[in-house]
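Here is a short briefing to read alongside the model. Please keep the viewer open, and follow the residue names as they come up.

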There are 2 protein chains.
Amino acid sequence: MTRIHVGISDLSRQTGVSIATIKYYVRLGLLAPGRPTGPKRSEYDDAHAHRLRLIRTLREVGGLGIERIGRIVAAIDDPRMGRHDLYGVATRALEPDAAVGAATDATIAADAEIAAFLDKRGWIIRPEAAGRRELAATLVALRRLGRTYGTEAFEPYADIADRLASWEVQAIPASEPPGIAVERMVVGTVLFERILGALRRLAHEHHSRDAGSSDPDDPAPNAG
Amino acid sequence: MTRIHVGISDLSRQTGVSIATIKYYVRLGLLAPGRPTGPKRSEYDDAHAHRLRLIRTLREVGGLGIERIGRIVAAIDDPRMGRHDLYGVATRALEPDAAVGAATDATIAADAEIAAFLDKRGWIIRPEAAGRRELAATLVALRRLGRTYGTEAFEPYADIADRLASWEVQAIPASEPPGIAVERMVVGTVLFERILGALRRLAHEHHSRDAGSSDPDDPAPNAG
């Protein structure tokens, strides 16, 4: 990391974060204070610029509030945290608060089916992970619409998600500093989910042009 | 399609749509009137139940208002509409209205890059498709965060989307009645996008457990 020292106005210009907000982050302990170079003057370096970029990413891409950002930043600054612990903190911070909906027979059954589905795949997932509830909610929605879908309809998607996530996790170099790794992970989780969704819809538009020529022998997309 | 004729109360019970709402849909022309069997009595059949299920799917899964539902239903009832035209109508109805943001140098450049990216892949996509704007917006967001991503970062995701969409489009039998095909398409587009997103996040959680053992020789997930 090159050490170019700048004043607070230059740091603000470089990062697109206002001077008032930079001072606020310092007061909250999200950003280390600058090195004093005179009365009322401090200098900042690349580590400060990187931290501000991380905070912007967490706010603007992850949609996180200050309290959750504080938890992530504290974990990054804690030298006892391993890479997996750090991802765990970031994953939990990105999850919406649990919606406390009434448990009905339908939701209890769906929760159990999702748990069995994940177990069968051998995925090790926290019991309170938001993704479990989301999958159960889609199952309940499909059934309310009078459809008979079970979790077997999820299989081709889980195969794709499995290979994709394995590749994405490995694409983050283990040598990268924890702040940069978390920033990448948040961008990857949030923005690339949007990118994948948009590309799938565009690909539907393209492929439905030849929707007449159905080929029932075509294998599932993960089989190739 | 079996023809079981029922009164309006049974139709309401079967479909979970209130009697008042059924009558409202008949007045709007979204649902054909029942066959009169006496003064103030009509009977309904499976075609009515299917149409109500489609309307519920469009409302509850697609989040569509009555006006957009009307457009889709009119297209289904129009015998001149081919399957691709019908998907086009549904695709456009599912898209949010264009956000009229100020075009800046950054957004104009990003739009052109997305257009070139889609052209290079040979995808035939309407110029006004919402997915184009969404992809351009993520590029702009990545760059505002000081990142140097280009559209080449989208390639592995586009490969996956391409194979997935091709399989999904072909999985809808060409012989299916247009109403059922559109219902499947809307469920597939909206709910399975959520399912894929949730599964990817769960798979991240699982795979980041062995995040230490990075293997830089691992190929992109679509290469297998």
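Which residues in H6(B) meet which residues in H8(B)? On the H6(B) side they are Phe117(B), Lys120(B) and Arg121(B), and on the H8(B) side they are Glu155(B), Ala158(B), Asp159(B) and Asp162(B). By class, this contact of H6(B) with H8(B) divides into two nonpolar, no polar and five charged residues. Please bear in mind that this is a predicted model.

**Chain A at a glance**

- Chain A has nine helices and two strands.
- Read from the N terminus, the elements of chain A follow the order α-α-β-β-α-α-α-α-α-α-α.
- Chain A has 224 residues, and 47% of them count as buried.
- Among the contacts in chain A with a separation of 6 or more, 65% come from residues 24 or more positions apart.

**How the two copies relate**

**Between the chains: H9(A) and H8(B)**

- Helix H9 (residues 178-207) of chain A packs on helix H8 (residues 155-170) of chain B at an angle of about 45°, and their axes are 8 Å apart.
- H9(A) and H8(B) are therefore oblique to each other, and their crossing is right-handed.
- From H9(A), the residues in this contact are Phe192(A), Leu196(A), Leu199(A), Arg200(A), Ala203(A), His204(A) and His207(A).
- Their partners in H8(B) include Tyr157(B), Ile160(B), Ala161(B), Leu164(B), Ala165(B) and Val169(B), along with Asp162(B), Ser166(B) and Glu168(B).
- The contact of H9(A) with H8(B) comprises 11 nonpolar, three polar and three charged residues.
- Ala158(B) and Asp162(B) of H8(B) meet residues of H9(A), and Ala158(B) and Asp162(B) also take part in the contact with H6(B).

**Within chain B: the geometry of H6(B) and H8(B)**

- Helix H6 (residues 105-121) of chain B and H8(B) pack at an angle of about 50°, with 12 Å between their axes.
- H6(B) is thus oblique to H8(B), and the crossing of these two helices is right-handed.

**Within chain A: H1(A) and H3(A)**

- Helix H1 (residues 8-15) and helix H3 (residues 46-61) of chain A have axes that come within 10 Å and cross at roughly 45°.
- H1(A) and H3(A) are therefore oblique to each other, and H1(A) passes H3(A) in a right-handed crossing.
- Leu11(A), Gln14(A) and Thr15(A) of H1(A) meet His48(A), Ala49(A), Leu52(A) and Arg56(A) of H3(A).
- This contact of H1(A) with H3(A) has three nonpolar, three polar and one charged residues.

**A backbone detail to look up: Lys40**

- Most residues other than glycine have a negative phi.
- Lys40(A) has a positive phi near 65° and sits in the loop between strand E1 (35-38) and strand E2 (41-43) of chain A.
- Because its relative accessibility is 90%, Lys40(A) counts as exposed.
- In chain B, Lys40(B) has a positive phi of about 65° although it is not a glycine.
- Lys40(B) lies in the loop between strand E1 (35-38) and strand E2 (41-43) of chain B, and it is exposed, with a relative accessible area of 91%.

Methods. Residues are numbered from 1 along each chain as its sequence is written. Chains are lettered from A and ligands numbered from 1 in the order in which they are written. This is a predicted model: local features need pLDDT of at least 70, side-chain atom pairs count only at pLDDT 80 or more; totals for chains, interfaces and linings use all residues. Side-chain values use heavy atoms; hydrogens and water are left out. Axes are lines fitted to C-alpha atoms, for helices over the stretch in contact, and angles run from 0 to 180 degrees between N-to-C directions. Helices (H or I, at least four residues) and strands (E, at least two) are DSSP runs, numbered from the N terminus. Angles under 35 degrees count as roughly parallel, over 145 as roughly antiparallel, 65 to 115 as roughly perpendicular and the rest as oblique. A crossing is left-handed if the near helix is turned anticlockwise from the far one by less than a right angle, and right-handed if clockwise. Contact means heavy atoms within 4.5 Å. Ala, Val, Leu, Ile, Met, Phe, Trp, Tyr, Cys and Pro count as nonpolar, Asp, Glu, Lys and Arg as charged, and the others, Gly among them, as polar. Buried means under 20% relative accessible area, exposed over 50%, partly exposed in between (1.4 Å probe, protein chains only).
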